[in-house]
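The sequence and structure are shown first.

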Amino acid sequence: MNRRLLVLSALSLGSAVAAPTPLTVTATASGYRAPATVAAGAVTVTFKNSGKIPVDLAFFRLKPGVTDAQFQAAATAVATQSAKDASWKLNQMVEVAGGVGDVPPGQSGAATITLVPGKYLLASLDADEKTHKTALSMGFLKTITVTGSAMGSAPAADYKINMVDYRFELPTNATAGRHTWQVMNSGKEPHFALVAKLMPGKTLKDAMAALMSQSQSGPPPMDFEHAVFAQVLTTGHAETVTWNLSKGSYVVVCFVATKDGTEHARMGMLQQLDVK
Ligand SMILES: [Cu+2]
């Protein structure tokens, strides 16, 4: 094949599998900084935290008839944990297309998500543990408009996690190192996936016991500090993340709550993942 044909075939391959659109969102002292628009389709979100507090980022799409004010009130109720069914109520109003979990100041995180044309709200449901001041009230609420028809497609993933009500379908062949993971929600309820390594000598049973006990005594059996995360996804949504897991046993857990306030972790979404 001559050089010209090689170039042509490379170009046609390129158009068949378009790379995700890059989007950078920055957390500042006064909230998110982000472009006003982004192209529809697969979007690789890089979330940089140049602020002073850890914060996360999620892409919310309001269901028809839901106003920004209604969203803000419902999201604030979740952030301040003002009612047992706050999370459930918010979830009736929105679709969540994923995003990036908490990023400490000075660091960044990334995820590839899929966006359809229309308006989304970038928001964080975090609140300061001591002051209860919400990220929303600090400016972590911003509109972004998704334009055009779907362009990029999501990258192929090395491993997949499928979330159903209330269980993770996990790979049994995961190996250590840098890999792409596609996390998808095939359930009816929203879910997320927090992956935390078990502390030396600790088991899934210890993790369950710690979760069920009301009083916190001693250090947690999981290493939450170095946990990796796939953001909340509602039905049919997926995100692709790159995780660098070392060899060992992890727990995969979802803390989204049902209408009566029960965390999914207590209903089965606390499972072991072995990385070889
Ligand atoms: Cu869940």
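Donors are N, O and S atoms within 2.8 Å of the metal, and water is not among the atoms, so sites may look incomplete. The model is predicted. In it, the donors of the copper ion are spaced along the chain as H-x62-C-x9-H.

**Copper site**
- Three residues coordinate the copper ion at 2.0 to 2.1 Å: His-191 through ND1, Cys-254 through SG and His-264 through ND1.
- His-191 belongs to strand β13 (residues 191-198), while Cys-254 sits in the loop between β16 (248-253) and β17 (270-275); this pair, 63 residues apart, links distant parts of the chain.
- His-191 and Cys-254 are both buried.

**Nonpolar core**
- The largest nonpolar core comprises 73 residues, and Phe-59 and Trp-243 have the most contacts inside it.
- This core lies between domain 1 (20-147) and domain 2 (159-275), because both domains give residues to it.

**Backbone features**
- Most residues other than glycine have a negative phi, and most peptide bonds are trans.
- Asp-165 and Tyr-166 are joined by a cis peptide bond, with omega about 0°; Tyr-166 is in the loop between β10 (159-164) and β11 (167-169).
- Gln-81, in the loop between α2 (68-79) and α3 (86-93), has a positive phi near 50°. Gln-81 is exposed, with a relative accessible area of 70%.
- His-132 also is not a glycine, yet its phi is positive, at about 65°. His-132 lies in the loop between β8 (118-123) and β9 (141-147) and is exposed, with a relative accessible area of 54%.

Definitions and conventions. Residues are numbered from 1 along each chain as its sequence is written. This is a predicted model: local features need pLDDT of at least 70, side-chain atom pairs count only at pLDDT 80 or more; totals for chains, interfaces and linings use all residues. Side-chain values use heavy atoms; hydrogens and water are left out. Donors are N, O and S atoms within 2.8 Å of the metal (3.2 Å for Na, K and Ca); water is not among the atoms, so sites may look incomplete. Helices (H or I, at least four residues) and strands (E, at least two) are DSSP runs, numbered from the N terminus. Buried means under 20% relative accessible area, exposed over 50%, partly exposed in between (1.4 Å probe, protein chains only). A nonpolar core is a set of buried Ala, Val, Leu, Ile, Met, Phe, Trp, Tyr and Cys residues joined through side-chain atoms within 4.5 Å. Domain bounds come from an automatic or database domain assignment.
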